[in-house]
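Subject: Structure for you to look over

Hi,

Here is the structure I promised to send. Please open it first, then read my notes below.

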Amino acid sequence: MSAPPGKATARAPANIALIKYWGAEEVDEGLPLNRSLSMTLTRCVSLCTVEAHPEEGEDEVFRVDDRGGLDPADPPFAGPVLRHLERLRRWADRRVRFRAATRTGFPMGAGLASSASGFAALTLAAVRALDRDPDPEELSILARRSGSGSAARSCFGGYVEWPAGDGDDELDPGAPARPVLPRDHWDLRDVIALVDRSPKKVSSREGHRRAETSPHFATRLARLPERLHAVRRALEERDFGALAPLVEAESVELHMIAMTSRPPIFYWSGGSVEVMEAVRTLREEGVRACFTMDAGPNVHVLCPAEDEGAVAERLSALDAVGGLIRDRVGPGPSLVPDHLF
Ligand code: DP6
């Protein structure tokens, strides 16, 4: 009789980058050209169940639909997942056949880091299904090797830097992420204004590849460590007045690099600009808020807990905003007892 399959289900959060990963030494391995810093989220999470059968055969990848049913994943979704499962099988040196299913509770591929949470959840569920228990640093390295580099940061809660280092030393792109401040240090909120739920037209992966073609990229890299230090200090001191202009400058710069890459990439939409304007107006009225965007048109509006109500009220009244996700800084990934299949 063959051994029973190993099975595990993990839940992992998305994260929003305050200092962005953009440009890679090795895109497929998720080896970045710069250090980034993010805030782990609470509500934007992915769930993943992995079953490892002790026999050879074809791996299978499913998506869980709204009613809990399993749909075979289409090739664009399944491809990177199958490659990552193969990588984990080799890492564990095991002959197994995987069945994996994921459920993402927020719009995918729209600049909301669904792949970061998805690959962090897949990595944790797969290693546990393989009966391995790597420490968080190793898990972070394994997750990053999915090619979704930001998944390295989704392996920790709170405020997270990646790759770890003391900030002044030379960048080691292969180093894991590391938490720099716990989530209870500062209860920042992220009101996500959804202006477009469709998947982005150009992947981050392609964006990383094109980054170096921007004439401004080298300047960005040279100046980034200073901004990262300043962001870390503002977080340490819970100084929103210092944090806001740094976060917005970083977000605009990421998009400036994308827009000046060859060929150029435009992630913003008219609605994104409307939200950014509204944030500026809110600030003039004394509400503490600042915007940041990843590789997509949706806008993350960060604010202290006391200002969340005013921010949500204003953003939800905008014509361009089709919905809000009210999120906050949160914990890292965990195993859950209820499997998806
Ligand atoms: C703009 O290669 O990690 O979000 O394909 O979404 O996983 P995914 O992206 P990844 O690049 C992230 C790019 C970014 C900035 C950031 O999160 O640091």
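Predicted model: local features only at pLDDT ≥ 70, side-chain atom pairs only at ≥ 80, totals over all residues.

**The ligand site**

Which residues come nearest to the ligand? They are Tyr21, Ser115, Ser148, Ser150 and Arg153, out of 15 residues around it. By class, that shell holds four nonpolar, seven polar and four charged residues.

The side chain of Ser148 has an N or O atom 2.4 Å from an oxygen atom of the ligand. Arg153 also uses its side chain: a polar atom there lies 2.8 Å from a ligand oxygen. Gly149 takes part through its backbone, with a polar atom 3.2 Å from an oxygen of the ligand. How much of the ligand does the protein bury? On its own, the ligand exposes 450 Å², and the protein buries 91% of that.

**Two helices**

Next, look at H1 (residues 75-92) and H3 (residues 136-144). These helices pack at an angle of about 140 degrees. Their axes are 10 Å apart. Angles over 145 degrees count as roughly antiparallel, and 65 to 115 as roughly perpendicular. The angle here therefore makes H1 oblique to H3. On the H1 side, the contact is made by His84, Leu88 and Trp91. H3 brings Glu138, Leu142 and Ala143. Sorted by class, the residues of this contact are four nonpolar, one polar and one charged.

**Backbone points**

Where are the cis peptide bonds I noted? One joins Trp162 and Pro163, with omega about -10 degrees. Pro163 sits in the loop between strand E8 (159-162) and strand E9 (178-181). Another joins Arg262 and Pro263, with omega about -10 degrees. Pro263 is in the loop between helix H6 (240-259) and helix H7 (270-284).

Asp93 also deserves a look. Its phi is near 55 degrees, a positive value in a residue other than glycine. Asp93 is in the loop between H1 and strand E7 (97-104).

**Pro333**

Last, go to the loop between strand E13 (323-328) and strand E14 (334-335), where you will find Pro333. What does Pro333 touch, leaving out residues up to four places away in sequence? Its contacts are Arg11, Ala12, Pro13, Leu124, Ser154, Cys155 and Phe156. Pro333 and Ser117 are 216 residues apart in sequence. In space, their C-alpha atoms are 8.7 Å apart.

Best wishes

Definitions and conventions. Residues numbered from 1 in each chain as written. Heavy atoms only, no water. Axes fitted to C-alpha atoms, helices over the stretch in contact; angles between N-to-C directions. Helix = DSSP H or I, 4+ residues; strand = E, 2+ residues; numbered from the N terminus. Parallel < 35°, antiparallel > 145°, perpendicular 65-115°, else oblique. Contact = heavy atoms within 4.5 Å. Nonpolar A, V, L, I, M, F, W, Y, C, P; charged D, E, K, R; others polar. Near = heavy atom within 4 Å. Polar contact = N/O pair within 3.5 Å; in protein donor to acceptor, adjacent residues only side chain to side chain. Areas by Shrake-Rupley, 256 points an atom, 1.4 Å probe, with all protein chains shown as cover.
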